[in-house]
Amino acid sequence: MCAQVVAVVAGAPLLTGLMRQVRARMEGRAGAGVRQPWRDLRKLLRKEPITPTGTGPAFRVAPALLVATTAVVAALMPLASTATLATGRSDLILVVALLALGTVALALAGLDTGTAFGGMGASREMTVAALVEPAILLAVFALSLPAGSTDLAAIVSAGLRDADRLASPSGLLATAALALAVLAETGRLPVDNPTTHLELTMVHEAMVLEYAGPDLALVELGAQMRLAVLLGLLATLAAPWGIATTAAPLAVALAIALLAVKVAALGAALAAAEVCWAKLRLFRVPELLAGSLLLALLAVTASYFLTGA
């Protein structure tokens with residue numbers, strides 16, 4: 001469990017750097033290097049913390065709460081092994097609730113600043129979250145029906161025992177719905193552009209405009225960890241092969257290495273796809289997320305009939 005958290009914290013900035021590098025190469029640029037996000041975090045940690053006048057506890061607590069909730073999610077998920085101290089406690093509803101807690105904390109921080117862009121970003125973020133969280137719940141719930149449990153470790157173990165179910169209609173629909181939900185939850189194209197500097201199109205970035213120094217470093221690290229954790233969840237549920245079924249150090253180390261390869265491949269594929277994607281207009285985003293929710297509902301229906309049969 002501790003190894004998973006360390007791997008997520010250490011590898012999340014590298015994943016972001018890899019994605020930026022892949023995108024730079026495809027656009028004909030040299031790129032800043034895979035380790036540039038770590039250098040950026042180190043530079044921000046050395047700066048003086050600045051708090052806008054008039055902000056309250058919500059603004060000050062949000063960065064640490066975002067990182068803490070994501071770290072707990074990383075500890076609960078069976079990313080490397082299904083036999084950890086969190087086995088039996090990694091309930092699907094708890095994991096999604098922790099992710100939502102980090103989102104709500106950041107939205108409250110955006111509102112706490114009292115700026116127009118902070119309130120706009122918070123409003124957009126909660127609109128997206130209201131559609132994304134149910135889609136994630138239903139997509140993973142569709143995969144949980146064959147396992148007979150909402151515990152993520154049990155779901156992954158069932159996938160390891162019966163891999164054919166992952167290629168069934170319900171498994172494919174759930175994977176597609178979860179992939180779309182991950183794009184929205186992590187603020188990637190076509191839902192949001194993480195590299196935008198145009199205020200009117202910002203969602204995530206609009207909420208964190210007032211952060212600086214160490215607080216901004218925590219916000220950036222939290223966003224990078226969420227991307228790594230959700231891509232890890234997608235890789236674990238869609239392709240659980242290679243996950244350790246024991247807590248043996250060697251087996252866990254090999255599973256973490258394989259997880260890093262799968263997440264890096266997903267991140268590189270996403271970065272390559274983003275080069276060809278354009279950001280959707282704001283009023284079209286709910287349509288995309290409604291499609292994700294519909295796919296998740298179809299996956300639950302198909303899984304119910306297959307399980308009943």
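This is a predicted model: local features need pLDDT of at least 70, side-chain atom pairs count only at pLDDT 80 or more; totals for chains, interfaces and linings use all residues.
View 1. Residues are numbered from 1 along each chain as its sequence is written, and side-chain values use heavy atoms, with hydrogens and water left out. Arg46 lies in the loop between α2 (36-45) and α3 (57-76), helices being DSSP runs (H or I) of at least four residues. Together with Arg35, Arg39 and Arg42, Arg46 forms a positive surface patch, for which residues need over 30% relative accessible area and no salt bridge, like charges being joined within 9 Å.

**View 2. Salt bridges of Glu27.** A salt bridge is a side-chain nitrogen of Lys or Arg within 4 Å of a carboxyl oxygen of Asp or Glu, and the whole structure holds six of them. Glu27, partly exposed at 37%, pairs with Arg23, their closest N and O atoms being 3.3 Å apart, and also with Arg29 at 2.8 Å, N to O. Arg23 is buried at 17% relative accessibility, while Arg29 is partly exposed at 44%. A network of salt bridges links Arg23, Glu27, Arg29, Arg188 and Glu274.

**View 3. The pair Glu287 and Arg284.** The closest N and O atoms of this salt bridge between Glu287 and Arg284 are 3.0 Å apart. Glu287 is partly exposed at 48% relative accessibility, and Arg284 is partly exposed at 40%.

Definitions and conventions. Patches are made of residues with over 30% relative accessible area and no salt bridge: like charges are joined within 9 Å, nonpolar side chains (Val, Leu, Ile, Met, Phe, Trp, Tyr) within 5 Å. Accessible areas come from the Shrake-Rupley method with a 1.4 Å probe; for residues, only the protein chains shown count as cover. Lys and Arg count as positive and Asp and Glu as negative; His and the chain ends are not counted. The place of a charge is taken as NZ of Lys, CZ of Arg, CG of Asp or CD of Glu. Helices (H or I, at least four residues) and strands (E, at least two) are DSSP runs, numbered from the N terminus. Buried means under 20% relative accessible area, exposed over 50%, partly exposed in between (1.4 Å probe, protein chains only).
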